[in-house]
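Notebook open, structure loaded. Here is what I looked up, in the order I went through it.

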Amino acid sequence: MKQEKIIKARTKLAASLPSTTEILRGSLLHRRIRHRSGCAVCAKGPGHPVWVLTISYPGGRTKQISLSAEQKVLVQQSLRNYRKLKDTLERICELNLQLLRPEKHA
Ligand SMILES: [Zn+2]
């Protein structure tokens, strides 16, 4: 790719970046919780479905947060934003790499 083309592609990618504030890292898990006693729902059925956000940290530490149905939708969107942001930044970095060595990618 020519230098000019690379710069254009880079500008386009930067313009397509999602929100940099509505972001979350982690994965969304679907779980069921069961009450041991005194719950009619659990006595009859498979329990209560819940969504949990799991975030892992270096060293194997993780955090888990249970979400309300309302939060789940927002979290899903934030996870998508984060992934797209990360992916787009990675692609911009690749283009910048090509700009460092234009002769090898001409
Ligand atoms: Zn229950």
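Predicted model: local features only at pLDDT ≥ 70, side-chain atom pairs only at ≥ 80, totals over all residues.

I started with the zinc ion and listed its protein donors: His-35 through ND1, Cys-39 through SG, Cys-42 through SG and His-48 through NE2.

Next I checked the geometry of the zinc site. The 4 donor atoms make angles of 105 to 115 degrees, and the site comes out tetrahedral. For my own reference, the ideal angle for four tetrahedral donors is 109.5 degrees. Along the chain, the donors of the zinc ion follow H-x3-C-x2-C-x5-H.

Then I went looking for salt bridges and found that the structure holds 1. It joins the side chains of Arg-91 and Asp-87, at 4.0 Å from N to O. Where do these two sit? Both are in helix α3 (residues 69-100), and because they are 4 residues apart, about one helical turn separates them. Arg-91 is partly exposed at 46% relative accessible area, and Asp-87 is partly exposed at 40%.

Last entry: Arg-10, which I found in helix α1 (residues 3-15). Its relative accessibility is 28%, so I noted Arg-10 as partly exposed. Leaving out residues up to four places away in sequence, Arg-10 touches Ile-92, Leu-95, Asn-96 and Leu-99. I also checked Arg-10 against Thr-88: 78 residues apart in sequence, 9.5 Å apart C-alpha to C-alpha.

Notes. Residues numbered from 1 in each chain as written. Heavy atoms only, no water. Helix = DSSP H or I, 4+ residues; strand = E, 2+ residues; numbered from the N terminus. Buried < 20%, exposed > 50% of the residue type's maximum accessible area, 1.4 Å probe, protein only. Contact = heavy atoms within 4.5 Å. Donors = N, O, S within 2.8 Å, 3.2 Å for Na, K, Ca; no water. Tetrahedral: all angles 85-135°; square planar, octahedral: opposite > 155°, others 65-115°.
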